[in-house]
Amino acid sequence: MDKRGKPILEIENVTKIYKTKGGTLFGRRSKKVTALNQVSFDIFKGEIFGLVGESGSGKTTTGRLIVSLENVNSGKISLDGREIIGLKGGAQKEFRRKVQMIFQDPYQSLNPQRSVFDTVSEPLKIHRMGNASVRRDTVRQALKSVGLSPPEDFLYRYPHRLSGGQRQRVAIARAMVLNPEFVIADEPTSMLDASISAQIFNILLKMRDKLGVTQMFITHSLAAARYLCDRIAVIYRGNLVELGPAEEVVRNPKHPYTQALIDAVPKFGHSKDAKRYRTLLSKKREVAEDKGCVFFPRCAVAHEERCARNQPGLTRSGDGHLVGCFLSESLF
Ligand SMILES: Nc1ncnc2c1ncn2[C@@H]1O[C@H](COP(=O)(O)OP(=O)(O)OP(=O)(O)O)[C@@H](O)[C@H]1O
Ligand SMILES: [Mg+2]
């Protein structure tokens with residue numbers, strides 16, 4: 001067990017495969033996409049855990065599996081030591097209260113027909129929490145806590161009269177109103193400009209520091225994850241490739257993919273004294289068989305045989321730092 005104590009969330013060897021229908025004109029062959037491949041990590045109470053990766057790497061899938069919007073093909077997900085698959089009745093209801101997800105696009109996640117009050121109070125109704133006056137107070141408090149103040153100015157507005165940042169605050173208030181233990185924020189600021197994003201980040205930090213809400217923050221931006229997160233996990237095409245304390249992963253990245261992400265951040269990689277790793281091939285390698293390291297086709301520092309033939313497991317590289325690369329110890 002880690003010195004942080006018991007994990008609130010445990011993901012063990014989770015694999016998720018989507019079947020899609022092939023789109024040829026004459027035949028419909030189904031295609032399989034492995035969105036997550038044997039992914040394992042723990043999230044500890046009170047931390048913000050960053051899940052970082054490019055588009056299609058499996059970030060949203062991870063979130064949807066945790067909130068049980070999807071089922072795993074294999075592996076196990078547990079909250080507070082209890083496996084979430086197969087929860088029924090009261091235990092399932094309690095799980096649905098404890099775990100909430102905030103989605104990327106506040107323009108799509110809010111119902112345009114519903115006022116702010118309707119939207120934020122709905123989970124309280126579903127969970128039969130409080131009477132009408134308690135609910136009204138709880139909604140007011142939730143709006144204040146996300147900076148929609150005074151709440152009276154917002155309660156009866158509809159989404160079309162809210163800015164993008166205000167909409168996302170409403171979505172956060174809706175997630176927070178049930179007093180959850182664990183919140184997944186899936187790219188909550190990708191539709192917002194930088195100054196509004198910073199305000200949303202500060203709300204998430206306040207949720208951690210004042211209310212002790214554990215969070216998984218999903219982003220494609222290593223810079224955002226560094227600002228917000230205690231630990232960072234990097235995934236590449238459904239595979240966890242690196243995990244560690246946020247500062248450590250950014251300052252001392254060990255996986256060539258993480259290093260490529262650092263190179264891609266102007267602030268980290270392009271100042272005069274900044275180290276550039278140059279681990280990304282400009283032209284992808286053709287790979288005959290898909291049995292080697294998942295990053296091999298794009299890796300500029302790969303070992304032509306070893307990395308083409310075998311999949312590296314995660315190995316320890318310092319305190320709480322895990323890396324899935326054969327070369328991490330010998331070359332970097
Ligand atoms: N419902 C689905 N049916 C089929 N394939 C899916 C489905 N949802 C996701 N996928 C595929 O699974 C993979 C992972 O998708 P996912 O949405 O988790 O990525 P992501 O990291 O969230 O990407 P983005 O940064 O673009 O949001 C992708 O290849 C995607 O096309
Ligand atoms: Mg996504």
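Me: Let's start with helices. Which residues in α6 meet which ones in α7?
Reply: On the α6 side they are Gly164, Gly165, Gln168, Ile172 and Met176. On the α7 side they are Ile196, Gln199, Ile200, Ile203 and Met207. Keep in mind that this is a predicted model.

Me: What classes do those residues fall into?
Reply: The contact of α6 with α7 divides into six nonpolar and four polar residues, with no charged ones.

Me: And at what angle do α6 and α7 pack?
Reply: The angle is about 15°, and the axes are 10 Å apart. Helix α7 covers residues 194-211.

Me: What does that make them, roughly parallel or roughly antiparallel?
Reply: Roughly parallel, because angles under 35 degrees count as such. As for handedness, α6 passes α7 in a right-handed crossing.

Me: OK, other neighbours. How close do the axes of α4 and α6 come?
Reply: They come within 7 Å and cross at roughly 25°. Here α4 is residues 116-126 and α6 is residues 164-176. That angle is also under the 35 degree limit, so α4 and α6 are roughly parallel to each other. The crossing of α4 past α6 is right-handed.

Me: Which residues make the contact there?
Reply: From α4, Val116, Thr119, Val120 and Pro123. From α6, Val170, Ala173 and Arg174. Sorted by class, the contact of α4 with α6 has five nonpolar residues, one polar and one charged.

Me: What about α4 and α5, what's the angle?
Reply: About 115°, with the axes 10 Å apart. Helix α5 runs over residues 132-145. The crossing of α4 and α5 is right-handed.

Me: Who meets whom?
Reply: Phe117, Val120, Ser121 and Leu124 in α4 meet Arg135, Thr138, Val139, Ala142 and Leu143 in α5. The classes are six nonpolar, two polar and one charged. Val120 is listed in the contact with α6 and again in the contact with α5.

Me: Switching topic. What sits around ligand 1?
Reply: A shell of 13 residues surrounds ligand 1. The closest are Tyr18, Ser55, Lys59, Thr60 and Thr61.

Me: Which elements give two or more residues to that shell?
Reply: Strand β1 (7-21), strand β2 (30-44) and helix α1 (59-66). The largest share comes from α1, with three residues.

Me: How many of the shell residues are polar?
Reply: Nine are polar, three are nonpolar and one is charged.

Me: Now the domains. Where does the assignment put them?
Reply: The domain assignment gives domain 1 as 7-251 and domain 2 as 252-332. Their centres, taken over C-alpha atoms, are separated by 28 Å.

Me: How many residues are in contact between the two?
Reply: 16 residues of domain 1 are in contact with 18 residues of domain 2. On the domain 1 side, α8 (222-228), β9 (231-236), β10 (239-245) and α9 (246-251) each supply at least two residues.

Me: Which of those gives the most?
Reply: That is β10, with seven residues. Across the side of domain 1 that touches domain 2, the classes are 10 nonpolar, two polar and four charged.

Conventions:
Residues are numbered from 1 along each chain as its sequence is written. Chains are lettered from A and ligands numbered from 1 in the order in which they are written. This is a predicted model: local features need pLDDT of at least 70, side-chain atom pairs count only at pLDDT 80 or more; totals for chains, interfaces and linings use all residues. A residue is near a molecule or strand if its C-beta atom, placed from the backbone, lies within 6 Å of it. Helices (H or I, at least four residues) and strands (E, at least two) are DSSP runs, numbered from the N terminus. Ala, Val, Leu, Ile, Met, Phe, Trp, Tyr, Cys and Pro count as nonpolar, Asp, Glu, Lys and Arg as charged, and the others, Gly among them, as polar. Domain bounds come from an automatic or database domain assignment. Two residues are in contact if their C-beta atoms, placed from the backbone, lie within 7 Å. Axes are lines fitted to C-alpha atoms, for helices over the stretch in contact, and angles run from 0 to 180 degrees between N-to-C directions. Angles under 35 degrees count as roughly parallel, over 145 as roughly antiparallel, 65 to 115 as roughly perpendicular and the rest as oblique. A crossing is left-handed if the near helix is turned anticlockwise from the far one by less than a right angle, and right-handed if clockwise.
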